[in-house]
Amino acid sequence: MPRGVACRPWTAATAAVVIGVAVVLALRGVARTIVPVSSAEPADALIGPRVRFWYRGIVAPVEDVLVAWRIHPDALTWAQFAVSVLSGAAFWRGCIFLGGWLTILAGTLDILDGGVARRGGIAGPRGALVDSLVDRCAEFATFVGLGAYFRHSWVVLAVAVAAFGSQMVSYARARAEGLGLDLRVGGAQRPERYVVLGFGAGVSDLVAHVACGLGHRPTQVVLELAIVVLAILSMWTAFERSTRAVRALGQEGPS
């Protein structure tokens with residue numbers, strides 16, 4: 001039996017029901033969400049503008065509370081880093097379900113820090129730089145935990161590719177923006193990476209527990225598939241951003 005998998009089929013079934021109800025309610029909320037025409041959400045991302053706008057509507061009251069409590073955005077940025085480190089540690093120890101939901105929490109904190117900065121009127125280049133640097137470290141910490149968990153499996157190669165691709169996605173955008181280009185295209189942007197990895201891990205552990213209860217050998221096959229998908233999507237997004245940037249700069253001609 002793999003590390004971190006204890007046979008608790010009834011607990012897994014209960015968690016699956018709770019998650020299923022939450023998904024149904026979420027889909028109902030998304031269906032009722034109206035996206036403004038002026039929305040700046042990227043249209044080509046895997047998580048479409050409607051879902052993004054719906055989730056931002058959910059966290060907006062939390063942002064108001066944090067602003068009222070005078071919570072500095074930097075505190076949320078560093079909290080995201082701490083949660084990402086805990087997520088990596090959970091993956092390392094084989095606590096896959098916990099690691100997945102900590103990843104989702106880290107992604108939510110990543111949304112909150114920018115929202116609080118804007119609502120509090122303190123958004124600026126310094127905060128954006130700190131946020132970007134901490135984001136890269138936080139993402140890497142999570143991948144280190146995954147790599148440690150899969151260190152005796154071929155999946156560690158997929159983890160390495162996913163980690164590299166994720167860093168390149170962000171670097172391509174940052175470098176392009178430094179050259180005057182607005183480059184937010186691509187399917188696997190940061191929210192997508194959080195969702196694929198977080199929900200992939202959560203569902204994977206539930207499947208492993210249920211399989212154990214049915215007498216099958218429990219595996220984290222869903223998480224393995226999620227990592228492979230994340231690796232492919234991240235590399236494709238990095239390639240897409242890079243080629244678009246090179247093409248746009250080539251059209252401008254020599255300076």
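Arg70 sits in the loop between α2 and α3. The names need a rule: helices (H or I, at least four residues) and strands (E, at least two) are DSSP runs, numbered from the N terminus. Arg70 is exposed, with a relative accessible area of 77%. Here buried means under 20% relative accessible area, exposed means over 50%, and partly exposed lies in between (1.4 Å probe, protein chains only). Arg70 is not a glycine, yet it has a positive phi of about 60°.

This is a predicted model, in which local features need pLDDT of at least 70 and side-chain atom pairs count only at pLDDT 80 or more, while totals for chains, interfaces and linings use all residues. Residues are numbered from 1 along each chain as its sequence is written, and side-chain values use heavy atoms, with hydrogens and water left out.

Now take the whole chain. The protein has eight helices and zero strands. Read from the N terminus, the elements run α-α-α-α-α-α-α-α. The protein has 255 residues, and buried ones make up 40% of them. Contact means heavy atoms within 4.5 Å. Of the contacts with a separation of 6 or more, 78% join residues 24 or more positions apart.

Helix α2 covers residues 49–68, and helix α4 covers residues 96–119. These two pack at an angle of about 60°, with their axes 9 Å apart. Axes are lines fitted to C-alpha atoms, for helices over the stretch in contact, and angles run from 0 to 180 degrees between N-to-C directions. Angles under 35 degrees count as roughly parallel, over 145 as roughly antiparallel, 65 to 115 as roughly perpendicular, and the rest as oblique. Helices α2 and α4 are therefore oblique to each other. Their crossing is right-handed. A crossing is left-handed if the near helix is turned anticlockwise from the far one by less than a right angle, and right-handed if clockwise.

Which residues make the contact between α2 and α4? From α2 they include Tyr55, Val59, Glu63 and Val67. From α4 they include Thr108, Ile111, Leu112 and Arg119. The contact residues divide into nine nonpolar, two polar and five charged. Ala, Val, Leu, Ile, Met, Phe, Trp, Tyr, Cys and Pro count as nonpolar, Asp, Glu, Lys and Arg as charged, and the others, Gly among them, as polar.

Helix α3 has 20 residues and reaches 29 Å from its first C-alpha to its last. That is close to the 28 Å expected at 1.5 Å a residue. The expected span is 1.5 Å times one less than the number of residues. Buried residues of α3 include Leu76, Gln80, Val83 and Phe91. Just after α3, Gly94 takes a positive phi of about 90°.

Next, follow α4 from the inside. Asp110 lies in helix α4. At 10% relative accessibility, Asp110 counts as buried. Leaving aside neighbours within four places in sequence, Asp110 is in contact with Gln80, Asp131, Asp135, Arg190 and Tyr194. One of these, Asp135, belongs to helix α5, residues 125–149. Is Asp135 buried or exposed? Asp135 is buried, with a relative accessible area of 1%. Not counting residues up to four places away in sequence, Asp135 touches Gln80, Asp110 and Arg190.

Between α4 and α5 there is a loop that holds Gly120. Gly120 is partly exposed, with a relative accessible area of 38%. Gly120 and Asp64 are 56 residues apart in sequence, but 8.9 Å apart in space, C-alpha to C-alpha.

The last stop is α6, residues 155–178, where Val159 lies. Val159 is buried, with a relative accessible area of 3%. Val159 touches Phe143, Leu146, Gly147, Phe150 and Ile227, not counting residues up to four places away in sequence.
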